[in-house]
Amino acid sequence: MTAALEIDGLRVEYPRGEDGTFAAVDDLSLVIGAGEIHALVGESGAGKSTVGNCIMGLLDPPGRITAGSIRVASRSLDIATGQVEGLRPGRDIGAIFQDPMTALNPLFTIGRQLCEGMRHHLKIGRSEARAKALELMRAVEIPDPETRFDQYPHQLSGGQRQRVVIASALSCDPGLLVADEPTTALDVSVQATILDLLRDLASRRKLGVLLITHNMGVVAQISDKVTIMRHGRIVEHGASRQVLGEPRADYARALIGAVPRLDRKLHRFPVTETQNTAETAAQARLAGRVRGATDEGTDLLSLDNVGITYGGGFFGAPGFKAVTGASFTVKRGEIFGIVGESGSGKSSLASAIAGLLPIDEGQMRFCGQPLKMRRGQSVRQAIQMIFQDPYSSLNPRLRTGAAIREPLDFFGAGDGLTPETLFEAVGLPQEAAGRFPHAFSGGQRQRVSIARALAGQPDLLICDEPTSALDVSVQARVLNLLKDLRDRTGLTMLFISHDLSVVRQMCDRVAVMKSGRIVELEEAETLFTRPRDPYTRDLLSLIPTLDGLAPAPQLAGA
Amino acid sequence: MASTMKRLTRVMPPYVMVAAAVGLLIILAAIFAPWIAPQDPTSTMSFNLMDSELPPMWVEGGDPRYLLGTDNQGRDLLSAILYGTRISVMIGAGAVLLAATVGVSLGLVAGYFGGWAETVAMRVADVFLSLPAILLALLVAGIARALIPDADSVFWAPIILIAAIGINEWVQYARTTRASTMVEASRDYVRAVRIMGLPRWRILFRHILPNIVGPILVISTINLAAAVLTEATLSFLGVGMPPDYPSLGTLIRIGNEFAFSGIWWITLFPAVTLVALVLAVNITGDWLRDRFNPKLEGKS
């Protein structure tokens with residue numbers, strides 16, 4: 001049996017500084033057999049996408065392959081040019097990218113995009129290409145291919161588009177498929193079907209698949225073998241079951257331990273972190289400042305039959321109803337979760353509670369008082385929010401210290417609460433106050449965001465997908481921080497996420513939203529062990545299972 | 001700021017560096033005209049009608065006292081050009097400042113609040129765009145001259161010119177600012193301060209404005225060149241600076257009357273100065289625009 005892909009001792013260098021170099025990939029070797037799905041896993045900056053680019057000849061200068069060999073379709077890579085001689089990208093290798101929204105040309109019909117490559121590579125006629133395209137669309141389970149053939153990308157959903165991308169990647173019968181984060185931009189229910197499809201195609205077509213991903217659940221669900229990378233080097237590799245079940249390297253163990261689990265709730269994520277005494281002390285100083293933290297269990301926020309509509313109004317034109325009849329109560333001191341797929345209305349609800357969107361039905365009450373979009377300063381101060389994208393949530397022109405001082409001065413917090421204390425409370429060094437946001441990593445920026453939100457000494461912290469843009473180990477640390485803050489200061493949180501596993505780890509009670517409605521509201525433990533609503537059951541069954549994963553290592557003192 | 005300058009000069013291609021140097025030289029010479037000019041061309045005491053229409057120094061009949069020759073009143077042409085450039089640049093900068101203040105304020109309000117404020121501001125901007133700039137400027141200058149008795153005085157003439165030119169240029173600022181403001185306003189850092197309940201003016205000027213200042217500066221360089229050119233046109237047409245306080249445009253107009261009688265220098269040297277200044281500022285501005293355009297980033 002010939003291998004679909006053989007990489008031996010690959011090294012990729014980027015120039016750094018005046019004449020130094022930096023190895024983005026170092027001494028990487030892997031073999032993918034026909035019909036085998038090989039997962040390449042690592043956090044951002046591990047070099048996994050660079051490997052994918054090398055294989056497809058897409059490595060951009062100044063990056064350079066300096067050693068090693070790549071063999072695809074029994075052809076070898078020429079190190080000097082970085083190209084595999086005689087390799088036809090698109091014919092010998094199919095590629096699937098992360099974002100199905102941008103992978104297709106919006107001006108061409110689906111049929112044209114599928115036929116183009118085939119007619120070029122296989123030298124076949126129009127009608128033959130069409131027949132083959134329709135057959136491919138059936139193979140990737142696109143319903144009603146004849147109609148879809150003449151439609152444009154915008155007429156298809158995200159999942160359907162990703163199927164078209166897969167069909168297009170397969171159109172010239174390549175022996176190897178490189179899939180770079182193929183399901184990261186998709187909802188869980190769509191992700192599950194796409195993964196099934198890949199699994200199925202790989203075994204039926206004897207296709208080697210290099211699956212580049214950061215998601216351990218995806219790895220566990222469909223891959224045969226796995227290679228874990230860190231800083232360009234292989235940390236561990238082997239059969240997926242074995243690596244995930246009994247990781248040997250420390251880093252692999254930490255990485256797998258940081259994955260939020262759906263099956264069991266842990267008090268904290270078992271990641272190595274330096275929780276210093278300054279942090280604990282600073283958090284304790286915040287503790288006395290959360291108003292009413294003592295009357296835990298009373299109602300803090302209640303929504304009664306809330307509806308939110310976008311647009312419409314003119315001449316009775318109906319707007320888009322983002323949320324309908326949402327009712328729930330958030331008690332002091334709890335973490336209340338809202339889960340749902342994209343478009344379920346969970347973020348609209350958060351914006352309305354934060355005072356960024358008006359509601360047009362029902363009413364909200366906060367601390368017993370009606371909560372409107374126009375609200376007094378003390379209410380604004382009491383409800384703060386942290387956002388999903390750490391790169392847009394901080395003003396790039398403002399030093400982080402100034403960004404924190406602004407709410408402190410504005411709210412008149414005074415009495416000894418300084419940016420430095422807040423930075424310590426979120427686990428950042430005091431010197432961080434003097435730097436601009438671009439000097440921070442994504443996880444650190446999210447900590448600055450949390451510090452800014454805490455500057456208002458809020459009663460309620462709205463967390464809108466606070467970790468979905470972060471690497472798994474960074475996510476674990478930020479989630480631990482949020483838990484610590486709750487435990488030490490009695491802060492109430494409204495936690496919004498699409499990730500059920502994260503919600504399971506974080507929340508006391510959970511509302512599940514679908515198409516603007518709350519379909520189930522339950523204690524987290526009950527919801528995850530005995531879901532009542534069929535939609536919740538569906539969602540839970542679609543999450544990649546981590547059964548084979550190593551049990552989380554016991555954390556000393558946890 | 002110093003590091004930004006260093007970074008900019010490192011990536012500057014040579015032709016931009018030459019343009020920037022020429023532009024800077026002309027503007028500095030204009031600013032320091034009273035100290036470096038051999039003569040004060042605005043004071044009738046300092047020049048002699050007997051010296052009128054002398055050719056440049058290196059031409060036969062030239063006088064070593066007058067490097068570029070003299071005009072029809074015996075003024076040293078080099079001094080007149082230095083003072084004229086000073087007036088032109090000042091009027092240009094004034095017009096840009098006026099246009100930027102009006103345009104940026106309207107753009108911020110339109111982009112952030114939307115609604116009727118946006119509709120009104122942007123439709124007015126459309127009306128202004130549909131009128132030829134020079135006609136509008138002539139109209140403003142004409143009306144002002146009819147209303148103000150001593151419109152040709154050294155006090156009123158520049159103010160009228162600044163208003164006449166500025167009224168055209170605010171539109172571009174308003175449109176650019178509005179678009180950039182809309183992008184920034186949707187970012188989470190703005191939502192965070194909105195949740196906090198910061199006053200709107202503070203959100204606009206402390207948080208949004210510093211993030212959109214790049215494109216505004218770029219428009220300003222290009223608009224400065226355009227304003228200097230419009231000023232020259234108006235002065236050339238006789239509705240600009242009076243002959244006793246000549247701008248570059250006034251000098252070109254004066255010289256134009258003599259050009260066909262062989263006295264070419266009065267119109268040529270101011271014209272060359274004007275072209276050099278406008279070209280230098282435009283090249284620098286164009287390059288800056290490309291640098292600040294995020295879509296072209298990394299493709300310099």
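User: What makes the run of elements in chain B read α-α-α-α-α-α-α-α-α-α-α from the N terminus on?
Analyst: Helices are DSSP runs of H or I with at least four residues, and strands are runs of E with at least two, numbered from the N terminus. Chain B has 11 helices and zero strands, so by that definition its elements are written as α throughout. The model is predicted: local features require pLDDT of at least 70 and side-chain atom pairs count only at pLDDT 80 or more, whereas totals for chains, interfaces and linings use all residues. Residues are numbered from 1 along each chain as its sequence is written, chains are lettered from A and ligands numbered from 1 in the order in which they are written, and side-chain values use heavy atoms, leaving out hydrogens and water.

User: Why is B:Asn168 called buried?
Analyst: Buried means under 20% relative accessible area, exposed over 50%, and partly exposed in between (1.4 Å probe, protein chains only). The relative accessible area of B:Asn168 is 17%, so this residue is buried. B:Asn168 lies in helix α7 (residues 156-185) of chain B. Leaving aside neighbours within four places in sequence, B:Asn168 is in contact (heavy atoms within 4.5 Å) with B:Ala133, B:Leu136 and B:Ala137. Across chain B, buried residues make up 47% of the 300 residues.

User: Which residues of helix α9 (residues 250-257) of chain A are buried, and what covers them?
Analyst: The buried residues of that helix are A:Tyr251, A:Ala252, A:Leu255, A:Ile256 and A:Gly257. Their cover includes α7 (216-222), β10 (225-230), β11 (233-239), α8 (240-245) and α16 (472-489) of chain A.

User: What makes a space count as a cavity?
Analyst: On a 1 Å grid over the protein atoms alone, a cavity is a set of points where a 1.4 Å probe fits but cannot get out; lining residues have an atom within 4 Å of a point. Grid points are joined across faces, edges and corners, and a volume is the space filled by probe spheres set on the points. By this rule there are five cavities of 30 Å³ or more.

User: What is the volume of the second largest cavity, and which elements give two or more residues to its lining?
Analyst: The volume of the second largest cavity is about 50 Å³. Its lining includes A:Leu394, A:Arg452, B:Tyr189 and B:His207. The elements giving two or more residues to that lining are α13 (400-411) of chain A and α8 (188-196) of chain B.

How values were computed. 1 Å grid on protein atoms, 1.4 Å probe; cavity = no way out; pocket = protein on both sides within 12 Å on 5 of 7 lines; lining within 4 Å.
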